[in-house]
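Notebook open, model loaded. I'll jot down what I look up as I go.

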Amino acid sequence: MQKKLILDSNLLDITVSRLCQQLIENHNTFSDTVIIGMQPRGIFLAELIHKRLEKDTKSNIPLGYLDVTFHRDDFRRRDEPILPRENRIPFIIEGKNVVLVDDVLFTGRTVRAAMDALIAFGRPEKVELLVMIDRKYNRELPIAPDYVGRTVNTLASQRVLVELQAQGHKQNKIWLINKD
Amino acid sequence: MSKLSQKHLLGIKDITRDDIELIFETADTFKEVLNRPIRKVPSLRDVTIANIFFENSTRTRLSFELAEKRLSADVINFSASNSSVKKGETLLDTVNNILAMKVDMVVIRHASPGAPHYLARHINANIVNAGDGTHEHPTQALLDTYSIRERLGSVSGKKVAIIGDILHSRVALSNIFALQKMGAKVMVCGPPTLLPKFIGQLGVQVEFDVRKALQWCDVANVLRIQLERQQIKYFPSLREYSLYYGIDRKMLDELQKPVVLMHPGPINRGVEISSDAADSPHSIILDQVENGVAIRMAVLYLLAARP
């Protein structure tokens, strides 16, 4: 199994800063904006960005977690069903700008399910997508991110591994792994 | 573990503790779904479910139907009272005819113990037992155990007394299996005529005095006297049963300790339980009904995941 480092902790820090600056540029004081991390792995990145944004803008920004399990299009088509996780959206998204946060964008199917799941909580004014890693050439649906940490050319046989301190790892690191 | 060990839910006896825990965890997320403004998810939109009820039911049928609809399944309902069963059709023929209409899952209630097992052997669909005679009623036991877990934090080590007509109760048998699998201690209590002869072999304590049972337990699950299944007299009169085994508020207050009161419904107020007890803060009877939908959603969802 070959491992290649895509982002080390230093670069990842710089990238998170840049993503936050881009978000501030578009959302100003975040008075009508909410951040929603996608379960299970997007929530750690969402927390990281949320913390940084609250510090930089000195404002309270609502943060939620969205689980898309029941809205997936591969139910009954995969061997092992996915265990549903907690939804925690303790605020109203009706009329808000929603920034969906996930770690890796691959086929786009999870994001499609997320948009479907999100609508069950109300009608947002606008939905944007932030991802740390955009895996090029693998999209199966017409979905594009609004904020990207790093675009990576990958093969379908490869895997992107995100290790964050919040998940119990020593350092923030993102790897590209060859499955063979 | 994110998969059930069985393709059908025929009885609690056939499933494992891991299965029960998986169902509970999944039910937690469905409970959250049921408290949203839009209480519906699209998971089962390509699944058709037949609810086949050869016996009367209000709560269970409504609860299953609601669970199915909340999961976006297509639902057809069938009850024996207004069907061709009256004209002499066999169980297998009836179900095969329904399956010929392309049904993926069957929820069945039948007066004969083992009817769902028989179907599971002969037809190709996921079968959910919604009560087979005096045998098992697995989803009721799951929702009862889930409600105990919700109220007391856990099931393991808790003392649960099942009080009333144990002999004719499928709820009692399924509850005994479920509670024991989750690590609870179980006692059955009722008049000797309404306790099966060898019930002790299931590893449950047997008690004839309802006051002693209440003093012992953390949770009392009170069952209805199933007069419709009793061909002979098991006790002199309902008044006498109520006098010796009916639970009222005064008995609960005298205990000097909290006891959680449960009842699978339908309640015969003033027989096995008085109104002031059934409506007291001890009672989680309506929580049981609410949890029933979430538990049934979890069961249907997890079974549908293994077509």
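Predicted model: local features only at pLDDT ≥ 70, side-chain atom pairs only at ≥ 80, totals over all residues.

First thing I asked: among contacts in chain B between residues at least 6 apart in sequence, what percentage join residues at least 24 apart? I got 75%.

Stayed with chain B for the secondary structure. I counted eleven helices and nine strands there.

Next I checked the overall dimensions of chain B. Its C-alpha atoms fill a box of roughly 55 × 45 × 35 Å along the principal axes. The radius of gyration is 19 Å, and a compact globule of 307 residues would come out near 19 Å, so chain B agrees with that expectation. I also looked at burial: 48% of the 307 residues in chain B are buried.

Then over to chain A. I found three helices and eight strands, and reading along the sequence I wrote down β-α-β-α-β-β-α-β-β-β-β.

The C-alpha trace spans about 45 × 40 × 30 Å along its principal axes. Buried residues come to 41% of the 180 in chain A. For contacts in chain A with a separation of 6 or more, I noted that 68% are between residues 24 or more positions apart.

Last entry: where the chains meet. I have 15 residues from chain A and 14 residues from chain B in the contact.

Technical notes. Residues numbered from 1 in each chain as written. Chains lettered and ligands numbered in written order. Helix = DSSP H or I, 4+ residues; strand = E, 2+ residues; numbered from the N terminus. Rg over C-alpha atoms; globule rule 2.2 N^0.38 Å. Buried ≥ 20, exposed ≤ 12 C-beta atoms within 10 Å, placed from the backbone. Contact = placed C-beta atoms within 7 Å.
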